[in-house]
Amino acid sequence: MRNSPVLGHLSRVLSGVALMVVAGALPWLSRTDPAAAVLRARYAELEPSPEALAAVRDELGLEGGPLDSSLRWWSGAVRGDFGTSWVSGGEVAPGVWRALGVSATLTLFAVCVALVVAAALVAPACRRVLRDRPQRGSGPVGVALTALPEFLLASALLVVVAVQLRWLPPYGWTGPDTAILPALSLGIPAGGLLGRLLADAVAGVAEERWVHVWRLSGAPRRVILAGVLRRAGAAVVDQLGFVLIGLLGGAVAVEQVFAIPGLGRHLLGSANAQDIPSLQAGVLVVAVAAALVGALTSLARRLLRGGPLPPGSLPPPPEPRGDGRLARWTAGTALALLLLILVTGLPRDPYTIAHPRLAAPSPALPFGADASGRDLLARVAHGTIGTLTPAFLIVLGAIVVGLLLAMLGEVSRGPAEIANATPPILAGVIVAALLGPSVAGAALAVLWVTWPPLTTHAASLVEEARAMPHVRWLPLAGVSSTEIWWRHVLPSTIPRLLRHGMLRLPGVALALAALGFLGLGAQPPLPEWGLLISEGIDYVERAPWTTAAPASALILTSVFAVALAGLRRRLPPNAPRRPSLTVREDAEVSIPASAV
Amino acid sequence: MSDAELTVAQVSAVHGRGGRARQALAPTTLEIRAGESVAVVGPSGAGKSTLADIVLGLRPPASGEVRVSGTAWCTPGSLPDRRRRRLVQGVSQDPTASFVPRWTIRRSIEQAVRRLTGETDAADRIRQAAELAHLSPELLDRRTTALSGGQAQRAAIARALAVRPAVLVADEPTSALDPATARSVCAALFASAAETGTALLLVTHDPELAARCTRTVRIVAPAQHR
């Protein structure tokens with residue numbers, strides 16, 4: 001029963017309905033009384049007396065319960081009426097459509113950039129197919145491109161190209177020239193991810209037996225390449241979908257850096273102002289777009305692969321390749337540098353204002369001082385702890401959730417698909433709007449996007465453990481099913497799940513930092529990488545080290561994450577090789593900041 | 001009802017569900033008395049191993065009923081009660097199925113004896129079972145990974161007999177062994193079953209082996225339409 005496809009469909013439908021109810025009832029989920037929030041936003045000087053609150057409730061149609069207001073909101077939303085903003089009192093809909101137009105245009109530009117980058121990365125693998133050369137991994141270029149978090153790339157492009165070289169306008173949305181930098185900062189990491197996945201998939205497919213058979217039977221090279229690309233494309237098309245959704249709704253940071261009035265900035269603004277109707281509309285638009293993209297990608301996958309997937313698993317992205325030596329060295333170096341920062345910085349004090357403002361780096365102050373005169377080395381080192389500790393807890397939480405849901409089987413399918421398609425920043429925006437910005441809120445948002453892959457993996461590991469002959473036969477020895485779970489299935493599942501979780505740790509840390517950068521996570525004066533970068537970015541011309549220090553820590557983590565994901569698990573020499581089992585954990589570490 | 005130890009009445013099985021459902025075992029009926037051995041033969045895909053799984057109580061039948069020692073054992077809605085598991089034991093094609101890989105043979109047998117019979121001291125039973133299965137006692141303190149195929153299969157027979165079952169199911173017990181080892185393992189299997197008066201259900205491909213049983217039941221391939 002746990003794996004019945006009917007249950008999977010039922011789960012999808014129910015989670016969809018639940019999501020709709022929740023989206024409609026967002027005002028009631030907010031930690032604050034919606035009426036009080038509106039009152040505070042509009043008339044800051046007015047006392048929140050019961051009469052005033054009642055008047056606001058009356059005016060906004062907030063009477064009735066959450067289900068009631070959800071229904072009312074939906075009946076408006078299907079007619080294109082998203083209600084009125086709590087802050088301005090104006091119609092929400094026109095603003096959202098405008099933002100959607102801007103975002104769609106920007107996404108289009110970014111996709112063009114991404115396709116060019118991806119094509120460049122896939123070209124060597126295709127050339128090797130044409131020339132019948134042995135395949136190699138996607139190489140360090142792909143790693144470097146995907147390792148750059150978007151908000152960092154955006155900041156760097158802004159500083160170098162717009163501010164120092166003055167080649168392009170630094171912000172705004174006034175013409176094609178203002179779209180170039182944002183499209184680059186969105187498109188390069190996305191293209192890097194796609195290209196890397198596709199190159200790995202091409203390399204994997206090129207080694208399949210049928211390619212050999214086709215070669216022997218004299219098929220033209222073009223035909224072979226087309227066949228290889230078709231199969232490889234089928235493996236990557238789901239990732240393409242996630243990337244598209246990420247570009248459309250998750251481009252918050254880039255839109256913020258370049259001050260582009262797109263959907264992302266609309267969402268962020270609504271979250272900061274706790275303007276829930278405006279947030280609802282934005283989320284709905286992104287969700288509809290995500291559903292459309294999802295339908296399109298599954299259609300594309302059907303065309304490429306033929307037929308629907310058998311129920312039971314989300315398709316894993318292709319296996320990363322490479323000889324691993326370079327990856328090991330890269331990962332090792334990055335880790336060593338991070339440890340060096342930690343060891344030297346942790347004993348220092350991150351909070352005391354003891355230095356001249358924006359003091360330049362010197363032997364006594366290796367990373368310089370920030371705008372308030374605090375020791376940057378200390379802040380970056382403490383920020384490592386402040387970023388990695390929640391990340392660690394998130395990963396552990398996701399493992400627990402994954403195991404629990406894996407026991408439930410197909411029931412978790414609907415929520416998993418929704419969560420899998422949510423860009424972390426979108427989740428962060430929603431949580432921040434409901435609970436106010438905090439580390440815990442950001443952690444909750446990142447947990448929401450972290451559990452699905454771990455659940456999928458846990459489910460496949462559990463299935464595998466239960467299918468082992470000796471586990472199947474344990475009932476014969478009088479072992480109860482509870483005991484089979486606790487003493488035989490879980491012990492063989494948990495170590496591998498932990499390993500997968502640890503591979504995801506740096507990616508989780510980066511997502512947290514991105515939320516911190518947007519002000520949705522840790523609040524000042526807490527040292528946290530994202531927050532440190534956003535504090536430093538205002539002084540980047542006078543004191544570049546204020547951004548360089550936390551950014552380099554972040555890049556080191558990112559490089560570490562991507563290099564680690566590229567490592568293959570080394571099996572003991574006599575262990576049985578079961579490809580289907582070794583693929584998952586490494587392969588599913590999708591690239592950290594790219595979905596951001 | 002007769003005094004059969006094992007009664008399989010009109011038992012069938014279905015793989016998959018919904019539109020993909022496919023009959024895996026056509027309705028099958030057989031009976032085994034104490035001390036008898038019955039060979040189950042039939043073409044590949046006829047559902048021989050599925051029948052073995054059902055008799056072992058590892059999966060419920062789609063229809064029909066299995067009775068052991070005169071009481072219901074497993075029906076479409078129910079698997080056997082944990083406390084009665086002692087009654088039916090098995091030897092699989094893959095002897096590692098009988099043992100937890102990280103435990104020694106002795107520990108696996110001990111655990112089974114303790115759970116199924118409630119006896120805390122399993123030493124006697126283990127010694128007797130090893131003797132019955134022609135397993136040298138020093139092998140009891142190894143793990144399955146350190147045994148040869150024939151040794152592991154004898155250990156599996158010992159494990160099954162240690163709890164003194166009424167019915168022993170052997171699913172292709174020799175198919176993974178070389179001919180000489182297969183002969184000696186078979187000898188051990190038949191001898192021990194006869195000595196303890198256990199009803200033996202032997203699933204096999206091998207006509208020679210089938211000929212040594214009291215009776216042969218041939219199961220037919222299920223109809224290929226859904």
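Helix H22 (residues 529–536) of chain A has eight of its eight residues buried, so it is largely enclosed by the rest of the structure. A residue is buried here if 20 or more other C-beta atoms lie within 10 Å of its own, exposed if 12 or fewer, and partly exposed in between, with C-beta atoms placed from the backbone. The buried residues of H22(A) are A:Trp529, A:Gly530, A:Leu531, A:Leu532, A:Ile533, A:Ser534, A:Glu535 and A:Gly536.

This is a predicted model, in which local features need pLDDT of at least 70, side-chain atom pairs count only at pLDDT 80 or more, and totals for chains, interfaces and linings use all residues. Residues are numbered from 1 along each chain as its sequence is written, while chains are lettered from A and ligands numbered from 1 in the order in which they are written.

**Chain A and the cores**

Chain A has 24 helices and zero strands. Helices (H or I, at least four residues) and strands (E, at least two) are DSSP runs, numbered from the N terminus. Of the 596 residues of chain A, 48% are buried. Contacts between residues at least 6 apart in sequence were also sorted by separation: in chain A, 77% of them join residues at least 24 apart. A contact means that two C-beta atoms, placed from the backbone, lie within 7 Å.

The largest nonpolar core holds 154 residues. Such a core is a set of buried Ala, Val, Leu, Ile, Met, Phe, Trp, Tyr and Cys residues joined through C-beta atoms within 7 Å. Those with the most contacts inside the largest core include A:Leu194, A:Leu198 and A:Val202. Helix H9 (residues 176–206) of chain A gives the most to this core, 17 residues. Beyond four places in sequence, A:Leu194 touches A:Ala114, A:Ala118, A:Val236, A:Gln239, A:Leu240 and A:Val243.

**The parallel sheet of chain B**

Five strands of chain B form an open, parallel sheet in the order E6-E7-E8-E3-E9. Strands pair if DSSP finds at least two bridges between them. E6 and strand E9 (215–218) of chain B are the edge strands, each pairing on one side only. Neighbouring strands are turned by 20° against each other on average, direction ignored. Axes are lines fitted to C-alpha atoms, for helices over the stretch in contact, and angles run from 0 to 180 degrees between N-to-C directions. Helix H4 (residues 149–162) of chain B packs on this sheet, touching E6 and E7 of chain B, and its direction makes about 180° with that of E6(B).

Strand E7 (residues 167–171) of chain B has five of five residues buried, so it is largely enclosed by the rest of the structure. B:Val167, B:Val169 and B:Asp171 point one way from E7(B), and B:Leu168 and B:Ala170 the other way. Together with helix H5 (residues 179–196) and E8 of chain B, E7(B) makes a right-handed β-α-β unit. Right-handed means that, with the strands pointing away from the viewer, the path from the first strand over the helix to the second runs clockwise.

**The antiparallel sheet of chain B**

Four strands of chain B form an open, antiparallel sheet in the order E2-E1-E4-E5. E2 and strand E5 (71–74) of chain B stand at the edges with a single partner strand each, so one side of each is left without a neighbour in the sheet. The twist averages 35° from one strand to the next. Helix H1 (residues 48–56) of chain B lies across E1, E2, E4 and E5 of chain B, at about 120° to E1(B).

| Strand pair | Sense | Bridges | A bridge pair |
|---|---|---|---|
| E6(B) and E7(B) | parallel | four | B:Gln89 and B:Leu168 |
| E7(B) and E8(B) | parallel | five | B:Val167 and B:Ala199 |

B:Ile32 sits in strand E2 (residues 22–32) of chain B. B:Ile32 counts as buried because it has 25 C-beta neighbours inside 10 Å. Its contacts beyond four places in sequence include B:Ala4, B:Val38, B:Ala199 and B:Leu201. The C-alpha atoms of B:Ile32 and B:Thr7 are separated by 6.7 Å, though the two residues are 25 apart along the chain.

**Where the chains meet**

The contact takes 20 residues from chain B and eleven residues from chain A. On the chain B side, strand E6 (88–91) and helix H2 (105–117) are the elements that give two or more residues. H2(B) has the largest share, four residues. The chain B side divides into eight nonpolar, seven polar and five charged residues. Here Ala, Val, Leu, Ile, Met, Phe, Trp, Tyr, Cys and Pro count as nonpolar, Asp, Glu, Lys and Arg as charged, and the others, Gly among them, as polar.
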